[in-house]
Amino acid sequence: MSVRVQFFKYGLCTVLYFIVCVIFIKTRSCDVKEAIRVTTTVIKYQPQKPFLPISNKIIKKKNVELEIRLLRKDELEGGTIDLQKSATLLQQVSNICAKYKLRTPLVKRHFLYNVEHKSLYCWIRKAASTSFTKLFSDMSNRQVDHDLYKEVDFLSPESLKDLQRFADNNTVFKLLVVRHPFQRLVSSYRDRIEDNSKYTAQSWLYARQILHLSRPELFRFNATLSGNILQRIFLPDKRLKVIPSFREFLEWLLKQPSNHDDVHWAQYHTHCAVCDVRYNFILKLDEYTFGEVNYILTKLRLNKDKIYLPKLQRTRTGITDFDTTCKYFHNLTTDVVLKLYERYKVDFEMYNYKLDKYLHCAKSKKLILRQKDKHK
């Protein structure tokens, strides 16, 4: 009997020992598997360092990471650009497009393309467009010195489908040049309206409309005024005889629908489809460096030692900088300046341009009224 009891005890111990071993082995196996799973997850999940610390915000707008990566690559290879400034500007444009939910369709004639140099450029009148059009003309071995406006017809892509393909191609360098909207507006007025040493399409098309609004007496029958309306306003060779003032020009402009603006004062974002084209570089004409110009020449695959770009802001009427613009704003009220700002608000925000200095150039409405009272 005792032998049986002992045998039963040994047998029970053996079974219990076997069960404990199985449980222990399974537990260790699960631990190992869990450790492997966690380790793998950690390895896979390791967060990437931000490529460029533009801001603490995660980029949620149009993806410009590729353009920023290309900028960094260029900088590492010796490109003389301010990487942070350029990347921030590209992201700012993307943010404003998203903020206002803008759609900006492509217009074939607004772009110049060179297949050999794999370069796409959107011209903006009064923003060094003559200089860059001449450059693209030379790149195509056309070497035209006059009538550069007509070069657009030869240098633009053959079709809208081609333009879309070039715009989507990551290997094509896409360039945009801008300047302060108010400086560009004054430059356009000086060159296309005020300067009556030459005929311009803008003075011929718009001077009558401007003067009809501000000087209606010119259009009334009057025995003291000789000739028809064209003879009163224009010289025989179509140059202006009566020149609208800058204030008169703006009063007319502010009454016009912005979607029908002349290309000399159209908004940047509508003219150059900035919300649908992923530009690689934006040159701000009023604060550019020669390093940036050399960088552009390099990206255009040109020898910067053999290519010369004249001072980019200079035109026939001279440079239109802040000081010149401020003089033209002296005869405006702050109300007019604020209305102008609203018209070009998107361009101001996209390229971080400021309004304050130009408000100081203008006279307050009260000051204008006091001056009028003195003359009564």
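Colleague: Which residue of S4 is the bridge partner of Val 177?

Modeller: Strands of a sheet pair through backbone hydrogen bonds, either parallel or antiparallel. In this predicted model, Val 177 has Leu 283 of S4 as its bridge partner. S3 and S4 run parallel and are joined by 4 bridges.

Colleague: Which residues stand opposite Leu 176 and Lys 174 of S3?

Modeller: Cys 122 is opposite Leu 176, and Leu 120 is opposite Lys 174. Strand S2 (residues 119–122) runs parallel to strand S3 (residues 173–178), with 4 bridges between them.

Colleague: In what order do the strands of the sheet lie?

Modeller: The sheet is open, with 4 strands in the order S1-S2-S3-S4 and mixed pairing. Strand S1 (111–114) and strand S4 (281–284) form the edges, each pairing on one side only. On average, neighbouring strands are turned by 20° against each other, direction ignored.

Colleague: Which helices pack on this sheet?

Modeller: Helix H6 (residues 160–168) touches S1, S2 and S3, and its direction makes about 110° with that of S2. Helix H12 (residues 290–299) also packs on the sheet, touching S2, S3 and S4, at about 145° to the direction of S4.

Colleague: Are the two faces of S3 covered or uncovered?

Modeller: In a regular strand the side chains alternate between the two faces of the sheet. Here both faces of S3 are covered: Phe 173, Leu 175 and Val 177 are buried on one side, and Lys 174, Leu 176 and Val 178 are buried on the other. Because 6 of the 6 residues of S3 are buried, this strand is largely enclosed by the rest of the structure.

Colleague: How many residues does the largest nonpolar core have?

Modeller: In soluble globular proteins, nonpolar side chains tend to be buried together. The largest nonpolar core has 65 residues, and those with the most contacts inside it are Leu 176, Phe 249, Phe 329, Met 350 and Tyr 351. Apart from this core lies another, of 24 residues, including Phe 173 and Leu 283.

Colleague: At what angle do the axes of H7 and H10 cross?

Modeller: Two packed helices are described by the angle between their axes and the distance between the axes. The axes of helix H7 (residues 181–194) and helix H10 (residues 246–253) come within 11 Å and cross at roughly 115°. H7 and H10 are therefore roughly perpendicular to each other, and the crossing is right-handed. Leu 185, Val 186 and Tyr 189 of H7 meet Phe 246, Phe 249, Leu 250 and Leu 253 of H10.

How values were computed. Residues numbered from 1 in each chain as written. Predicted model: local features only at pLDDT ≥ 70, side-chain atom pairs only at ≥ 80, totals over all residues. Heavy atoms only, no water. Pairing = 2+ DSSP bridges. Axes fitted to C-alpha atoms, helices over the stretch in contact; angles between N-to-C directions. Contact = heavy atoms within 4.5 Å. Core = buried A, V, L, I, M, F, W, Y, C linked by side-chain atoms within 4.5 Å. Buried < 20%, exposed > 50% of the residue type's maximum accessible area, 1.4 Å probe, protein only. Parallel < 35°, antiparallel > 145°, perpendicular 65-115°, else oblique. Left-handed = near helix turned anticlockwise from the far one by under 90°.
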